[in-house]
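Please read these points with the coordinates open. They start with model confidence and then turn to individual loops.

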Amino acid sequence: MYTPKNPGALDPIEELQEMADKELKAIKISHILVDRIVVKEFDEDDLHRLADSVSTAFYEGEGDIYLQIIKENQGVEKKSQLTTHNSLLHFNNRLELDGMQFEEPQPNLFSFNNPFGACPTCEGFSQVLGVDADLVIPDRRLSVYEGAVAPWKAEKMDWWRQNFIKGAKKFDFPVHKPIADLTNRQYKQLWEGCEGVYGINDFFKDVESQLYKVQYRVMLSRYRGRTECPDCNGYRLRKEALYVKINGKNIGELSSMPVKDLQGGLKNWINISASMIKTLPKEY
Ligand SMILES: [Zn+2]
């Protein structure tokens, strides 16, 4: 029968290998020690050996490894940001930040023609079937008060227009201003509503909840159309691809830049990257 040793003690793996599965499950193994190395200065062989051990540890640890550095006469290396319990430094080979895990960038991730990179909502087409804003507001010279929102012009739907006009005071919305002159924020408020006041999206949600009535089905069909995909904002790529940024811009934003600006920007970034590579120590 195996008797566990003191916490922190090392047990040879051979002893564990001889144990039955039941016994093995009953003991708590906190870590498996893959390698120990004592050196004054690392030579080439040491570096190769370390590289092998690190790769074994990453493989066996399914992406996580712990490292303990003990300096001569100094005891355990003092705690750093990476230090976890028992003064172990923790590393993993995942791309993650703030609890989110990211895909490792590879060419297919940036291609909307490839199922791996395409936005799953619009399948890389940039548009989805929804409510066509140009059909809902066909004349942008009109204000909300004047009936710019076409579906609210119907006698039975005037309640929605009245409700918006009354509520608009709460958030200072200019109901007499032509739609074309609204700020982006105001235009968004008209669609999304604000401070409990219903907007155009709420109206269509209500219509969709009553599609069992034929007149609602007819009305919705009048305003149906292809609209920009809300998940990728028309960039066609899945969000993991858009998380990757160069100088604060994702590939979609870079593609929408005028060629002149993009060319200048890229030249600068390449120069900066080249100078960074030059200043890296040799071993990198
Ligand atoms: Zn999309």
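1. Confidence by element. Helices (H or I, at least four residues) and strands (E, at least two) are DSSP runs, numbered from the N terminus. Where pLDDT is low, the predicted coordinates should not be read in detail.

2. Basis of the model. This is a predicted model, in which local features need pLDDT of at least 70 and side-chain atom pairs count only at pLDDT 80 or more, while totals for chains, interfaces and linings use all residues. Residues are numbered from 1 along each chain as its sequence is written. For the protein, the mean pLDDT is 85, and 87% of residues reach 70 or more.

3. Overall content. The protein has 11 helices and eight strands. Of its 284 residues, 11% are buried; a residue is buried if 20 or more other C-beta atoms (placed from the backbone) lie within 10 Å of its own, exposed if 12 or fewer, and partly exposed in between. Contacts require C-beta atoms, placed from the backbone, within 7 Å. Of the contacts between residues at least 6 apart in sequence, 47% join residues at least 24 apart.

4. Ile37 lies between α2 (21–26) and α3 (44–60). Ile37 counts as exposed because it has 9 C-beta neighbours inside 10 Å. Leaving aside residues up to four places away in sequence, Ile37 touches Asp46, Arg49 and Leu50. The C-alpha atoms of Ile37 and Leu50 are 8.3 Å apart, with a sequence separation of 13 residues.

5. Helix α3 and its end. The expected span of a helix is 1.5 Å times one less than its number of residues. For the 17 residues of α3 this gives 24 Å, and the end C-alpha atoms are 24 Å apart, which agrees. Just after α3, Glu62 has a positive phi of about 50 degrees, and Glu62 is not a glycine. Glu62 sits in the loop between α3 and β1 (64–67) and is exposed, with 8 other C-beta atoms within 10 Å.

6. A further positive phi. What is the phi of Asn247? The value is about 50 degrees, positive although Asn247 is not a glycine. Asn247 belongs to the loop between α9 (239–243) and α10 (251–255). Asn247 is exposed because 10 other C-beta atoms lie within 10 Å.

Technical notes:
Contact = placed C-beta atoms within 7 Å. pLDDT = per-residue confidence, 0-100.
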